[in-house]
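Please keep the sequence and the model at hand while reading.

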Amino acid sequence: MANGICVYAENYNGKIEPVTAELISAAHSIKETTGEPVQVIVAGEKCEALVDQLKQSGADEVYAVKTDRDCAFQDDALSQVIADMLKKIDPSSVLVPATPMGRSIFSRVAVKLNCGLTADCTELLVAKREDGTYYIKQNKPSFGENVFVTIVTKEGYYPQMMTVRPGVYTPYEGEGSAEVTYFDDIALPASKVEVVGAVPAEAETDSILAAEVVVVGGRGAEEPESFALLKAFADKIGAAIGGTRPLADTGQIPFQNQIGQTGFTIRPKICISLGVSGAIQHTEGIKDTKLMVAINTDENAPIYNIADYGIAADLNEVLKAYLEL
């Protein structure tokens, strides 16, 4: 019978991506109810180094495949390796980072395993059937990001597979030494993808996810003058810049810096919200901020419901006054 909460350890250039620790935290929250072991799967050319990074990650078991070449971006081949691993491990659930890499690989894995795949989960809850077995309620925003829906994998289909948005769970900080198993009988097949080169991303999402201070612009900061003031303010206080969907749609911020249900969830120490109305689509991504300051001309804006301090004023006037100090 399927058993285990399996986490995919996304990796690049010989390093485990930080989101893995978040998924291990999610797996432990499930384990508290089901009692299943927390498993991690990893595959790569520099497999020994990757495994060393995972031994103390908080997982109970680590399963690994050493590939004979770098398989980055060869998702057609890597998905076969992962599918073969999951057939051997037979977990009840698989947690995948909702990243471009995770989505690309595991959409293929789901087809190979004839199982479902829920995308972009923001909450995982455990429920119990009448026969005593457990299943995962996979919650996510839907219908234009206006409502939350619960998706349940059809009974009898395993593994229950889902991608989880980065930033939703805090990284796991527990200790422990995982039992490591190498699958030497699983080989990386030929790929139809030829990688001719790779260039760094223009925008670093990690700057938003890891920043202690974030300045967030909304529709009220769309005008060029307003956004220029926002940027100057962020530069002066050493903050990262994020925004709501309107700023991403206009290209003023990269989509990697969008915050909310359609973007990322952040947990900075300080979040300064400028011209943001406070719709739930956005506030879901900042609800765990330790200190929230909001500036909006509308004194009845929903953003003030979650703000610790609010200023009902024109953001341009407030920022100009600060920058002149």
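## Two helix pairs

The axes of helix 6 (residues 224–237) and helix 9 (residues 315–323) come within 10 Å of each other and cross at roughly 40 degrees. Helix 6 and helix 9 are therefore oblique to each other, and their crossing is left-handed. This is a predicted model, in which local features need pLDDT of at least 70, side-chain atom pairs count only at pLDDT 80 or more, and totals for chains, interfaces and linings use all residues. Residues are numbered from 1 along each chain as its sequence is written, and side-chain values use heavy atoms, with hydrogens and water left out.

Helices (H or I, at least four residues) are DSSP runs numbered from the N terminus. Axes are lines fitted to C-alpha atoms over the stretch in contact, with angles running from 0 to 180 degrees between N-to-C directions. Angles under 35 degrees count as roughly parallel, over 145 as roughly antiparallel, 65 to 115 as roughly perpendicular and the rest as oblique.

On the helix 6 side, the residues that meet helix 9 include Leu229, Leu230 and Phe233, and among their partners in helix 9 are Leu319, Tyr322 and Leu323.

Helix 3 (residues 75–89) and helix 4 (residues 100–113) pack at an angle of about 50 degrees, their axes 8 Å apart, which makes helix 3 oblique to helix 4. Contact (heavy atoms within 4.5 Å) involves, among others, Leu78, Ile82 and Leu86 of helix 3 and Ile105, Phe106 and Val109 of helix 4.

| Pair | Axis distance | Angle |
|---|---|---|
| helix 6 and helix 9 | within 10 Å | roughly 40 degrees |
| helix 3 and helix 4 | 8 Å | about 50 degrees |

Methods: Left-handed = near helix turned anticlockwise from the far one by under 90°.
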